[in-house]
Every structure is written in C-alpha cells, then in structure tokens.
Amino acid sequence: MAQTEPTAWNDDLLKNPHAVADKRRRVQQMFAAIAPSYDLNNRLHSLWRDQAWRRKAVELAQPKKTDRIVDVACGTGDLTWKFFFQLNHEPYLAKVTGIDFTYEMLPIATEKFCKTTRELEWKRTRRSFSDPRFLQGDAQSLPLPDACCDVVSIAFGIRNVADPLAAIREFKRVLRPGGRLIILEFSLPTNPLLLAMYNFYFRKILPRTATLISGDKTGAYKYLPESVNTFIGRKQMMGMMTTAGFTSVEQFPMTFGVCVCYRGVAQ
C-alpha cells in the first residue's frame with residue numbers, strides 16, 4: 001500500500017515555524033497547494049478587510065505615474081492589481097512587476113488581470129503602457145538589476161521568507177535612492193482582550209473553515225496563526241528596515257492592530 005505524503009506542518013514544527021531548517025521548501029509546497037482557493041479564503045477570513053489593507057499600502061507608497069513598481073510575494077496579484085489599475089486607468093507610463101516564489105500562484109494572477117481588463121474593455125483604450133509582468137523569483141535574490149525601481153512592496157509575505165533581513169536588504173538593492181519600501185503584514189493586537197479574541201478566532205476557527213474550503217493537506221492554515229504569533233514584533237521589523245539602510249521608517253497599525261503597514265525610504 002502506497003504511503004501518503006506527510007503534511008508540511010505538524011504540531012512539533014509549528015512550535016516555531018520560522019526556525020524549521022527547510023522552511024523555504026515547506027512554504028513553497030504549502031502555497032502551491034492552496035493557490036486555487038487563496039483569494040476566497042483571504043476575503044472570507046479577513047472579513048473582507050484584506051482589500052482595504054492593500055488600498056492603504058498603495059496610498060502609503062505614494063506611487064507616481066512614471067514609477068517602476070515591484071510587488072514581491074505577489075501571490076494571486078491582489079496588491080499588484082491595485083498598483084497597476086490605480087496608476088494605469090489613464091495612459092500613464094508606470095510599469096508594475098509581480099514576483100512570487102510559488103509558480104502556481106502566477107497563472108492565477110495573470111488570468112485575474114486578463115479577466116478584469118476584458119470586463120472593463122480597458123484594452124481597447126490603453127495607449128502607452130503594457131500589461132504587468134509576473135515572474136517567479138525568491139525575495140532574497142530578486143531577478144532584477146540594482147537600483148531599477150521606485151517602489152517595492154510585499155504583502156503578507158515577509159514572515160514566510162527564510163531570512164527576512166536578507167530579503168529587506170535585497171529590496172534596498174533594487175530600489176533607487178528615494179524609493180519606498182512597503183511591508184504589509186499581520187500583527188498581534190496590543191489590547192489583552194482583543195488579543196485573546198483574535199487568537200481564539202485565528203487558532204480555533206480559521207484553521208478549520210479555511211482547510212474545509214481549500215481541501216488543504218499541508219497544514220497551511222495551522223501554519224498561518226503560528227507564523228504570526230512567533231514572528232518578530234513591530235519594533236524588530238522597524239529595526240531590520242533601519243539596519244538594511246532605510247530611513248523615515250514608520251508603522252501604521254490597522255483594524256485594532258491585526259495588520260500593520262511599514263514604510264521606509266531607501267537612502
């Protein structure tokens with residue numbers, strides 16, 4: 001009788017998923033498995049707040065019409081989409097690139113753009129810009145030259161990187177002087193009562209309902225709450241950004257501190 005593959009995350013590994021030696025492989029396997037239901041679970045389990053968080057991230061990036069924008073860990077392209085359509089609803093020159101480590105996310109992102117532009121009949125009126133491109137790549141070693149872009153964003157992906165500081169340094173490498181780094185990430189509420197409610201939902205309800213929707217067998221939605229609870233805090237994140245060479249580093253908590261947007265400027 002053939003043996004079934006072990007789940008990517010078991011209870012022992014979840015004690016500190018960031019310390020797991022093969023975290024990189026496990027994260028890739030996990031996201032490949034949940035890609036088809038990723039958007040639905042994001043909407044449902046954030047109570048539809050995830051889109052508002054992304055809109056805030058775009059606002060804080062202060063994108064300009066001629067910026068080159070790179071959205072790292074783009075997943076199915078939600079944040080990439082928001083940058084692109086905000087800047088390109090008229091014939092602007094902005095270029096937007098989405099990069100993700102998990103290939104299975106990228107066809108979904110591409111199809112999302114195709115469907116949206118068909119619905120808006122937008123392709124008939126555009127003039128001086130091209131569709132966003134989607135590339136497979138590692139946040140710690142981006143397939144991009146030095147000082148090639150004006151904005152780097154990463155939404156809900158920095159905690160999944162094996163070495164967050166290495167990734168932030170890589171973001172600094174590809175940014176031009178004055179370029180903006182935007183990191184959108186889950187956090188923990190500072191109010192004890194809210195924290196207790198949050199962890200009950202995050203650890204007891206979400207893993208069951210999200211797994212039911214996705215049919216996931218990798219333990220992805222057990223990994224999610226533990227990866228947030230064991231990740232670095234807000235001060236440490238801001239310290240990493242400063243260490244990597246960013247100035248004017250700020251944090252913007254949202255929805256009672258469940259999500260935080262960090263912003264820094266490349267020197």
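A pocket is an open set of points on a 1 Å grid over the protein atoms alone, where a 1.4 Å probe fits and protein lies on both sides within 12 Å along at least five of seven lines; lining residues have an atom within 4 Å of a point. The model is predicted, so local features need pLDDT of at least 70 and side-chain atom pairs pLDDT 80 or more, while totals for chains, interfaces and linings use all residues. Residues are numbered from 1 along each chain as its sequence is written, and side-chain values use heavy atoms, with hydrogens and water left out.

Select Asp 11, Leu 14, Arg 203, Pro 207 and Lys 222. Of the 16 residues lining the second largest pocket, these lie nearest its centre.

Now move to His 45, Ser 46, Phe 186, Tyr 201 and Phe 202, which lie nearest the centre of the largest pocket, among 32 lining residues. Its volume is about 660 Å³. Here the lining has 22 nonpolar, six polar and four charged residues.

Finally, show α1 (23-34), α2 (38-45), α3 (50-61), α7 (192-214) and α8 (220-229), each with at least two residues in the lining of the largest pocket. The largest share, seven residues, comes from α7.

Definitions and conventions: Points joined across faces, edges and corners; volume = space filled by probe spheres on them. Helix = DSSP H or I, 4+ residues; strand = E, 2+ residues; numbered from the N terminus. Nonpolar A, V, L, I, M, F, W, Y, C, P; charged D, E, K, R; others polar.
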